[in-house]
Amino acid sequence: MSRAINLEAAVSVTQLSKRTLWRRLSEERITRQANDEDGRTMLAFEDLVPMLCIPMMQEDHELVIKAAAGDAEAQTDLALLFLDADKPGIGQHWLTLAADQGHPDAMHNLSKLYIKGTGPEKNDSLGLMWLARAASLGHVIAGEQIAALTRVGRV
């Protein structure tokens, strides 16, 4: 069986619309796999590789598959890959998925995006919220940043 990712993940990593992906499915340019246990439409990842919106090395393909399956660590790493490729919106998407699962590194990175206004609109309140959450889960750097902010009276 071919490795597969869900339609939502395919939209993210290709930056193609659902409509375009459905059209390519109907044209048999993409192979549909059996739906996953949540009933989501699954697509053969190898068919999507030429459509990826950034160049990826072969080892990054497994990262996409794990991230699409809900692995928070992989989602965080994939987000960083997209951020390095100057795709902050996609990076934010994957960081949010991982942060919502309680991944401290994702929370810390998401806080930086909000505070800098890179990707999402600048929002210091959301940035500080994600920073505090990461610190509360033991993220060392986030903890030091919160401590520094309280020392200078900014929080």
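This is a predicted model: local features need pLDDT of at least 70, side-chain atom pairs count only at pLDDT 80 or more; totals for chains, interfaces and linings use all residues.
Reader: How do you know which residues of α4 meet α5?

Author: Contact means heavy atoms within 4.5 Å, and by that criterion Asp-60, Leu-63, Val-64, Lys-66 and Ala-67 in α4 meet Ala-74, Gln-75, Asp-77, Leu-78 and Leu-81 in α5. Sorted by class, the residues of this contact are six nonpolar, one polar and three charged.

Reader: Why are β1 and β2 said to stand at the edges of the sheet?

Author: The three strands form an open sheet in the order β1-β3-β2, with antiparallel pairing. β1 (4-6) and β2 (32-33) each have a single partner strand, so one side of each is left without a neighbour in the sheet.

Reader: How do you know that β2 pairs with β3?

Author: Two strands pair if at least two bridges are found between them, and two bridges join β2 to strand β3, residues 42-44, the two running antiparallel. Arg-32 has Leu-43 in β3 as its bridge partner.

Reader: At what angle do the axes of α1 and α6 cross?

Author: The axes of helix α1, residues 7-14, and helix α6, residues 88-99, come within 9 Å and cross at roughly 150°. Their contact is made by Ala-9, Ser-12 and Val-13 of α1 with Ile-90, His-93 and Trp-94 of α6, and by class it has four nonpolar, two polar and no charged residues.

Notes: Residues are numbered from 1 along each chain as its sequence is written. Side-chain values use heavy atoms; hydrogens and water are left out. Helices (H or I, at least four residues) and strands (E, at least two) are DSSP runs, numbered from the N terminus. Ala, Val, Leu, Ile, Met, Phe, Trp, Tyr, Cys and Pro count as nonpolar, Asp, Glu, Lys and Arg as charged, and the others, Gly among them, as polar. Axes are lines fitted to C-alpha atoms, for helices over the stretch in contact, and angles run from 0 to 180 degrees between N-to-C directions.
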